[in-house]
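Student: I would like to learn how to read a model like this one. Can you take me through some features?

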Amino acid sequence: MPGSKIIFNGPDKTETDLKLAIENNSLIHIDHLDELYLIKELAVEMNKKPRVAIRVNMDTGVYPIWDRFGFNYENGQAWDAINKIMLNDKMELVGLHSHIGTFMLSPNAYGIAASKLSDLALGIKKKYKKNIQYLDLGGGFASKNTLKGSYLQGVDTSPTFDQYAEAISTAILNAGFVEDELPLLLLESGRSLIDEAGSLLGTVISNKRLSDGRRATIMDFGVNILFTSFWYDHKISPAQDFSQYTEDAVLYGPLCMNIDVIRENVTLPPLKRDDHVVVHTVGAYNMTQWMQFIAMRPAVVMIDMNEKAHVIRNRETLDSIESAEVMPEYLKKFKL
Amino acid sequence: MNIKKNIALSDSGFVFDPSSGDSFSTNPIGLEIIKLLQNGKSADDIKKHITGAYMTDGDSFEKDFYDFVNMLQKLKIADGAEKK
């Protein structure tokens, strides 16, 4: 991937990172004023004109407003930052970026974001006669998972891609751009694309009855492997033949901690030790946030379009942990 | 351990307790075990019957039987928990 095609975003960009990004002509999405001034300094020092965008936060009618990232639209911070870039001439403002939240169930919020970014872009055109090349509407698009506390299932409540597309494109097309000056639209659709591509296979360790009579099933995976069980009521299916008889159960992980709960209440056919289950829609955020704790992390297998399986990450071993550890010299001689 | 006398069972596994108004459903094996308990069969008799009639071993039966009987007592379908 050439550096010039990389969008560099986030609040933590070191000076070394920024120098590399400027050198590679990457698209730098500015998060705060300290970064803006640092890029200005580096531009002079390196005698280059970095390509930048600013990240804009805004009220889109949903709670909470992610106003910790970027510059605010409503209070004028965003327009102020734009003016600082445009008047200075050390940087080239090529785009505008927003990322309004996560697991957004309201397509209309993207419509509002697209309108506000378009308004800024048209303001730049009017004041500086400059066309903004792209609007990056960011991510946060929902997958078909079910959020905890949600009454209805995610498959019934999550908007379709068409609904998101309709809201965004309508807002941009109605904003007032001249047809051949319409900006490129960028989206960060990671979770909504890959969540359904991942499944977790697990095994029953044991069953027990809790003091209040509820059935509890202990699985060989917990919040250590399935981080997203903190957010979602994941759909879980038995991976072998089962009868139509079911019972409500609590699904626990294998950790020695009370927080290790996969599902507080799930209706499943009674499972016995060594039975297998499939946890659906786990492709996003789990392999990036899982933790090495008590149990080793499992292998990851990819099934290709021809249904052929490939190991793409090996199962963790003790060596994976120890290889990064360093023993101080004086402790090497310590004898038990 | 005895199934309470006024418990009503249907062939489809519907279990009704007229004294509380509570109703439950059980699968065919659960229904069979409740009927055997109603007929005064001991745990050993039931184990012999179930392991003879179905593909299950003694340990699996004991584990599930113990769990099932505890549930019957918890739901007040059965009384007479063994006293220490």
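This is a predicted model: local features need pLDDT of at least 70, side-chain atom pairs count only at pLDDT 80 or more; totals for chains, interfaces and linings use all residues.

Student: Start with domains. Which domains does the assignment give for chain A?

Tutor: Domain 1 of chain A covers 3-194. Domain 2 of chain A covers 198-322. Their C-alpha centres are 36 Å apart.

Student: How many residues does each domain bring to the contact?

Tutor: Domain 1 of chain A gives nine residues, and domain 2 of chain A gives nine residues. On the side of domain 1 of chain A that touches domain 2, two residues are nonpolar, four are polar and three are charged.

Student: Now the sheet. What holds strands together?

Tutor: Strands of a sheet pair through backbone hydrogen bonds, in a parallel or antiparallel sense. In chain B, three strands make an open sheet, ordered E2-E3-E4, with antiparallel pairing.

Student: Which strands of chain B stand at the edges?

Tutor: Strand E2 (8-9) and strand E4 (22-25) of chain B. Each has a single partner strand, so one side of each lacks a neighbour in the sheet.

Student: How many bridges link E2(B) and E3(B)?

Tutor: Two bridges, in the antiparallel sense; E3 of chain B spans residues 14-17. Look for Leu9(B), which stands opposite Val15(B) in E3(B).

Student: Next, the backbone. Where is a cis peptide bond?

Tutor: Check omega. Tyr63(A) and Pro64(A) are joined by a cis peptide bond, with omega about -5°. Pro64(A) sits in the loop between strand E3 (51-57) and strand E4 (71-72) of chain A.

Student: And phi? Which value does Asp89(A) take?

Tutor: Asp89(A) has phi near 70°, a positive value in a residue other than glycine. Its place is the loop between helix H3 (77-88) and strand E5 (92-97) of chain A.

Student: Is Asp89(A) buried or exposed?

Tutor: Count C-beta neighbours inside 10 Å. Asp89(A) has 9, so it counts as exposed; the cut-off for exposed is 12 or fewer.

Student: What about Phe103(A)?

Tutor: Phe103(A) is not a glycine either, yet its phi is positive, about 50°. This residue lies in the loop between E5 and helix H4 (107-128) of chain A. Phe103(A) has 17 other C-beta atoms within 10 Å, so it is partly exposed.

Student: Last, the chains. How many residues of chain A are in contact with chain B?

Tutor: Four residues of chain A, in contact with five residues of chain B. The chain A side has one nonpolar, two polar and one charged residues.

Key
Residues are numbered from 1 along each chain as its sequence is written. Chains are lettered from A and ligands numbered from 1 in the order in which they are written. Two residues are in contact if their C-beta atoms, placed from the backbone, lie within 7 Å. Ala, Val, Leu, Ile, Met, Phe, Trp, Tyr, Cys and Pro count as nonpolar, Asp, Glu, Lys and Arg as charged, and the others, Gly among them, as polar. Two strands pair if DSSP finds at least two bridges between them. Helices (H or I, at least four residues) and strands (E, at least two) are DSSP runs, numbered from the N terminus. Domain bounds come from an automatic or database domain assignment. A residue is buried if 20 or more other C-beta atoms lie within 10 Å of its own, exposed if 12 or fewer, and partly exposed in between; C-beta atoms are placed from the backbone.
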